[in-house]
Amino acid sequence: MLESLNDVYNLHDLKTLAEAQLERGALEYYSSGAMDGHTLSESTAVFSRLKLRPRVLCDVSSVDTRTTLLGLDLSSPLCAAPTAFHRMAHNEGERATARAIRQFGTLMTLSTLSNTDMEEVGLEAQGRWWFQLYVFRDRELTRSLVARAEQAGARALVLTVDTPRLGRREINVRNLFRLPPHLSIKNAGMQGWMPPASQGGDGLAEFVAAQMDASLSWKDLEWLRSITHLPIVLKGILTAEDAKLTLEHGANAIWVSTHGGRQVDTAVSTLEALPEIVEAVNGQLEVYLDGGIRRGSDVLKVLALGARAVFLGRPVLWGLACGGEAGVSKMLNMLQYELELTMALCGKNSLEGLKPDLIFRG
Ligand SMILES: Cc1cc2nc3c(=O)[nH]c(=O)nc-3n(C[C@H](O)[C@H](O)[C@H](O)COP(=O)(O)O)c2cc1C
């Protein structure tokens, strides 16, 4: 029986403990996937099918996981993905996440849909954050979000490109997901946002349909580029074709993602999409990946296949639910321990030189 963080030895334990702590609406929102959940369940299952080829006698007396992302020094390639509504998990919400990440020495991505103003998070994160952008139909609102992110010290903009509409997460539709009345979408100035219950369905899906610009296309990248000097990362790329277009349109990095299996059900898993994207980019852009990372060995596989960092979505929320900053720190430290251990056991003492030869090809 898991009673506290002291009983937690891995991310599976953390998830179990979090599930016992969270309110039903929050738990359903955090854990849901689109439609039948095939992409969601594949996102973790795919890692156990891919086998490692450990090497021996390589002097692993010290193991170094330091790296850089868009020029920022990181202690490790473990970063936080943008997830909406951290205060449903813990009252300190995004501020607690920012503190844990700053202490760990990597970076968090703050969602447009956070429950905390980006200025407050910027103070806690001290430069260790990127801002995730959704483009609103109201371009002035979007422009002001970008300007505020720059002003508050974000190091990059992460444009999420996989959400012209919100994926259908049936449990949230059936149980009428709503943001609790004491919380709001702070960055968008939407205090106490909650669509009327009479509308039924998933409240967030209604919000996205009403507010976000589904007409967004490649040409809008020029507009975004014209209003910011920050690097632009495209989040939600799953094909070589779109990786090439990202290069052509001058974005600065690619983030391979299925949005945690919450958008296109039966979409290819990120681990399976990664090789064609790395090949298409041919070293010209940094490539990152998220989705289903639960063990240090998962991280090593992703890096061996050519991504520079991994981003964690739900594990951050589980950490928050199990003790705020302390829970997020514990999650990061457990995964870091496993990454270093797996590297040592596979004969690797740094991230440089990780190559696909670490992966068994059958
Ligand atoms: C509860 C939840 C909320 C999310 N909110 C956002 C968001 O606001 N913006 C975004 O770009 N992605 C969002 N995502 C997707 C994550 O950034 C990330 O792609 C995904 O969670 C990674 O998979 P994982 O949860 O298995 O680590 C969300 C995911 C979850 C689970």
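Helices here are DSSP runs of H or I with at least four residues, strands are E runs of at least two, and both are numbered from the N terminus.

Before going on, I noted that this is a predicted model, where local features need pLDDT of at least 70, side-chain atom pairs count only at pLDDT 80 or more, and totals for chains, interfaces and linings use all residues. Residue numbers run from 1 along each chain as its sequence is written.

**α13 and α14**

I looked up the geometry next: α13 (residues 314-321) packs on α14 (residues 324-345) at about 135 degrees, with the axes 6 Å apart. That angle makes α13 oblique to α14 (under 35 degrees is roughly parallel, over 145 roughly antiparallel, 65 to 115 roughly perpendicular, the rest oblique). Axes are lines fitted to C-alpha atoms, for helices over the stretch in contact, and angles run from 0 to 180 degrees between N-to-C directions.

On the α13 side I find Pro315, Val316, Trp318, Gly319, Leu320 and Ala321 in the contact, and on the α14 side Gly324, Gly327, Val328, Lys330 and Met331 (contact means C-beta atoms, placed from the backbone, within 7 Å). By class I get seven nonpolar, three polar and one charged (Ala, Val, Leu, Ile, Met, Phe, Trp, Tyr, Cys and Pro are nonpolar, Asp, Glu, Lys and Arg charged, the others, Gly among them, polar).

**α4 and α14**

I then checked α4 (residues 93-104), whose axis comes within 8 Å of that of α14 and crosses it at roughly 40 degrees. So α4 is oblique to α14. This crossing is right-handed. From α4 I listed Ala96, Thr97, Arg99, Ala100, Gln103 and Phe104, which meet Gly324, Glu325, Val328, Ser329 and Leu332 of α14. The tally is five nonpolar, four polar and two charged residues.

**α10 and α11**

For α10 (residues 240-248) and α11 (residues 270-281), I have axes within 8 Å, crossing at roughly 35 degrees. The crossing is right-handed. Ala240, Ala243, Lys244 and Leu247 of α10 touch Glu276, Ile277, Glu279, Ala280 and Val281 of α11. I count six nonpolar, no polar and three charged here.

**Ligand shell**

Around the ligand I see 23 residues, with Ala81, Ser111, Gly260, Gly313 and Arg314 coming nearest (a residue is near if its C-beta atom, placed from the backbone, lies within 6 Å). The shell splits into eight nonpolar, 11 polar and four charged.

**Whole chain**

Last, I noted 14 helices and 10 strands. The C-alpha atoms fill a box of roughly 65 × 55 × 40 Å along the principal axes.

How values were computed
Contact = placed C-beta atoms within 7 Å. Left-handed = near helix turned anticlockwise from the far one by under 90°.
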